[in-house]
There are 2 protein chains.
Amino acid sequence: MQIFLSRHNLDGFLFVGDSICDSDMYYLTHFLSGDRFAFLAQEKTTLLVSSMETGRALKESTADECLSTSQYRIMEKLKRGDKPEEAYCLVLVEFLQGHGIRRLGVPFRFPAGIYQPLLQDFEVLVLESPASRCREIKRQEELDAIACAQRACERAMRQAVLLIGSSKPRGELLYRDGQPLTSEKVRAAIDVSLLEDGCEAMDTIVAGGPQAAAPHARGTGPLAANAPIVIDIFPRSKSSRYFADMTRTVLKGEAAPEVKDIYEAVRLAQAAGLLAIRAGVSGKEVHSRVSQVFLDLGYPEREGRGFTHSTGHGVGLDVHEKPSLSETGEVLQVNHVVTVEPGLYYPEMGGVRLEDLVVVKEKGSENLTHFERQLVL
Amino acid sequence: MQIFLSRHNLDGFLFVGDSICDSDMYYLTHFLSGDRFAFLAQEKTTLLVSSMETGRALKESTADECLSTSQYRIMEKLKRGDKPEEAYCLVLVEFLQGHGIRRLGVPFRFPAGIYQPLLQDFEVLVLESPASRCREIKRQEELDAIACAQRACERAMRQAVLLIGSSKPRGELLYRDGQPLTSEKVRAAIDVSLLEDGCEAMDTIVAGGPQAAAPHARGTGPLAANAPIVIDIFPRSKSSRYFADMTRTVLKGEAAPEVKDIYEAVRLAQAAGLLAIRAGVSGKEVHSRVSQVFLDLGYPEREGRGFTHSTGHGVGLDVHEKPSLSETGEVLQVNHVVTVEPGLYYPEMGGVRLEDLVVVKEKGSENLTHFERQLVL
C-alpha cells in the first residue's frame, strides 16, 4: 500500500461501502459489515464506523485505528437539517482533513455521490483498487480456505450425483420415490450438505435439458431423463468468506451419441486448458488452446451456439475475480487460483460444462478438484 | 419514472452494478445477476448485459429491451488493447448515444470510475435513485413476500428457543446432551430451519452475556446460564429476495432482578413504539417516544451504554432500508414496513433487545410478528 500511495503521490486511499458487497474492504479490514463504513489507508489504517459499531470494529478489524461518525458530530449535522448523504459527506471531509489528506485516491467502484462532493475539498484520483491486484495472488492461508470450501463443494456434489444416480428414468422424466425428481430437490440436497459444512451457496445451478443452454440459468422443475444435467456449485465458507467453484454434467438414462461426443469434446478441451496452465502463460493463451480444441473437433462458436463464454476466472473472496482466462486474459502468476470450465451449449439440446479449480504453480498447476468426470450415472 | 425524468429534465437514468448487491437494480429489472450489467430507464427500459447473459435476461427480466455488449463490439475494443474498464466505458458511451442521451441521471452509488469518463460525453447528474423512494412503499405482493419470510423467521426462532429451553444450566454455562450449548449450535438449528423454508441468513446473531453488548456481534462459543441471550434473525427468501427481521432475548436459569427490570423496560419501550406508529407520524417522533420511556424508567443513553442505536429501519429487498425510525426519521406512510427494536446494552451485563416487524397503516400498524416475548425459558 505504501508503494502504491507514493507511486501515485497520494496522502491516502479511501474506500466507502459495505464489506459484504465490497470484498476489497473485507480483505483490507477483516471487518464484516452489511452497513456502510469508510476505510482510509495511509501509513496507518483507519476505520470510520457508526458509534454502534465502534466496539465490534475495534475487536474484529485489523485497522490500526477505529473512529466513530459521532466523533465528527454526525447527529448535530442531521439535527440541524442536513440530508443524511450531505451529513455523511461533511463527516468524511472533516475525517480526511484531520488525517492530513489533500490528494486522495479512490477505487473505480467508489460511490459517485460521495466522489463528487469530495472534489470541492480534495484532489481525488479514481484508480484501480490497490487491493484488487494483491487479492489475485493468494497467501497460504487463503489457499487453505479455498481448498476447504472446495472439499465442502465436492461433498455437496456427491449428494447431488447420488440423488440423480438413484433416480429412475420413466418416459421423458426422472423419478424418485414415485415423484418426479426436480432441480429444486437436488438443489435442496446440495444446500443441506453445504450448510453442514458451514458454507452458503446463493445460486447453485441444477439445470437439465434445454434449460442448461443458458450458462447461468439456475434450473427449475422436473429433470429430464436421457439429457445432460449441469450442476454448478459455488459455495462460500461462512467463516473464511472464501469461495470454491466446480461444475459437473451428468445424465441418467441413455445418452445419445451426439451428447456423448459433446461431453468428450468438453473433456478434451478442459484437459488441454489444465495442461496449458502454469506461471508465465497468459489467460488468453489458455483460452485460445481450449477454443482450438473445440474448433479442431468441429464445434465452432457461432451465433450464441457452442462455447459461448470464457475459459475461466479467478476465485477468492469473490466468486468471479481476476485473473480471467479469456481473450483478454493476463499473464498467470504463482498462486493465482482459477477455474477451467469449458462448455458447449445448444438451445435444442442444452449444455455440457466441466469446471475444475486449480492453483497456478511455477511448472503447472495444482488441481483442487478431486471429483470424477462421469456423464452417464 | 417518467415524472422523475421530466422533473429533472433527464433523457434517461442509468444504473451500473450487479443486482445481488444493488437492490434497486433487482427491483427495477427482476434480473438477478452477480455480474455487472447496465440498466437504462427512459420511456422504455433497456438492459445491457454480456452476450452470455442475453438469453436469460430476455427471459427473466422485465425490461422492454435487452442488448448485449457484443453488439457494441466489446471484444474488438479489448483485442485492440483497451483496458477492460475503458472498453466497458466506450461501450456505454455508444449505448447511451444510441439511445439519444445527452443529459443523464445516475444514483449516488454509481461507480466513480464510470461516472468520471461519462462526463466527457454527457451532462451527468448524481441524484437519489428514483427506485429508493418507490421501494419504501410496499405493494401487496411485496407485503406478502415479507410476511412469508417472517413466518420462516419465526419457525427458525422457535427452533432456537426450544433448543435453549431444553438446555440445563450447570455452573456458569448451559449444557445439552452433556455438551456446552454454543452460539454455533443454536445458529445451526436456525439455519437448517430457514433452509427448509427456502430462506438464507447471512449473519444470524445468537449472542449471550457480555458479547450481546455490541448490537451487531454474531456471538460465538458456549452460552452462559442465567444471562440474557439475544437472538436476531433476518432471513431473505431465496425466491422472492425479500427479508424479514426479528429479535427475541431469552435466558435459561435464574434472572437477576436488574436483568428482569431491563427486559421490562425494553418491553415497555417497544410497546410505546408500536403504539406510536401510524401513517403521518414521523420516524423521529416514534424514536423519541421510545427514548423517552427509557429516560423515564431511569435508563439514559450515556457513553455507549443504554439505548445506543435507533428504534428501527425499513425492511424489504434490503434488510436495512428507508424509512428510519431515528433522530432523523421521515414521516411514515401507509405500507411502509419497519422494525421496532429498542434495546439496552451494558458491557458488563450484555444486552436485551426485542424487535417486531410491522406494516404502517392509516390508523396504526399491522404487526407481522406473532412470537411471544418471554425472557426466562
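This is a predicted model: local features need pLDDT of at least 70, side-chain atom pairs count only at pLDDT 80 or more; totals for chains, interfaces and linings use all residues.
Helices here are DSSP runs of H or I with at least four residues, strands are runs of E with at least two, and both are numbered from the N terminus.

Residues are numbered from 1 along each chain as its sequence is written, and chains are lettered from A and ligands numbered from 1 in the order in which they are written.

After H11(B) comes B:Gly298, with a positive phi near 90 degrees.

Turning to chain A, helix H9 (residues 183-196) also has 14 residues and reaches 20 Å from its first C-alpha to its last, close to the expected 20 Å. Its buried residues include A:Val186, A:Ile190, A:Leu194 and A:Leu195, and also A:Lys185, A:Arg187 and A:Asp191. What covers the buried residues of H9(A) includes helix H8 (140-165) and strands E10 (199-200), E11 (205-208) and E12 (229-233) of chain A, together with helix H9 (183-196) of chain B. Just after H9(A), A:Gly198 takes a positive phi of about 75 degrees.

Next, the domains, whose bounds come from an automatic or database domain assignment. Chain A is divided into domain 1 (2-135) and domain 2 (137-367), and their centres, taken over C-alpha atoms, are separated by 37 Å. Five residues of domain 1 of chain A are in contact with six residues of domain 2 of chain A, contact meaning that C-beta atoms, placed from the backbone, lie within 7 Å. On the domain 1 side, helix H2 (23-29) and helix H7 (130-136) of chain A are the elements that give two or more residues, and the largest share, three residues, comes from H2(A).

Finally, how do the two chains relate? Chain B can be laid on chain A with an RMSD of 0.0 Å by a turn of 180 degrees and a shift of 0.0 Å along the axis, the superposition being by least squares on the C-alpha atoms of residues with pLDDT of at least 70 in both copies. That is the relation of a two-fold axis. Of the residues of chain B, B:Ala112 comes closest to the rotation axis, at 2.3 Å (C-alpha).

The contact between the chains takes 38 residues from chain B and 37 residues from chain A. On the side of chain B that touches chain A, helices H3 (54-60), H4 (74-79), H5 (84-98), H6 (112-118) and H9 of chain B each supply at least two residues, and the largest share, four residues, comes from H6(B). Because 97% of the interface residues of chain B are also interface residues in chain A, the copies meet through the same surface.

Notes. The expected span of a helix is 1.5 Å times one less than its number of residues. A residue is buried if 20 or more other C-beta atoms lie within 10 Å of its own, exposed if 12 or fewer, and partly exposed in between; C-beta atoms are placed from the backbone. Two residues are in contact if their C-beta atoms, placed from the backbone, lie within 7 Å.
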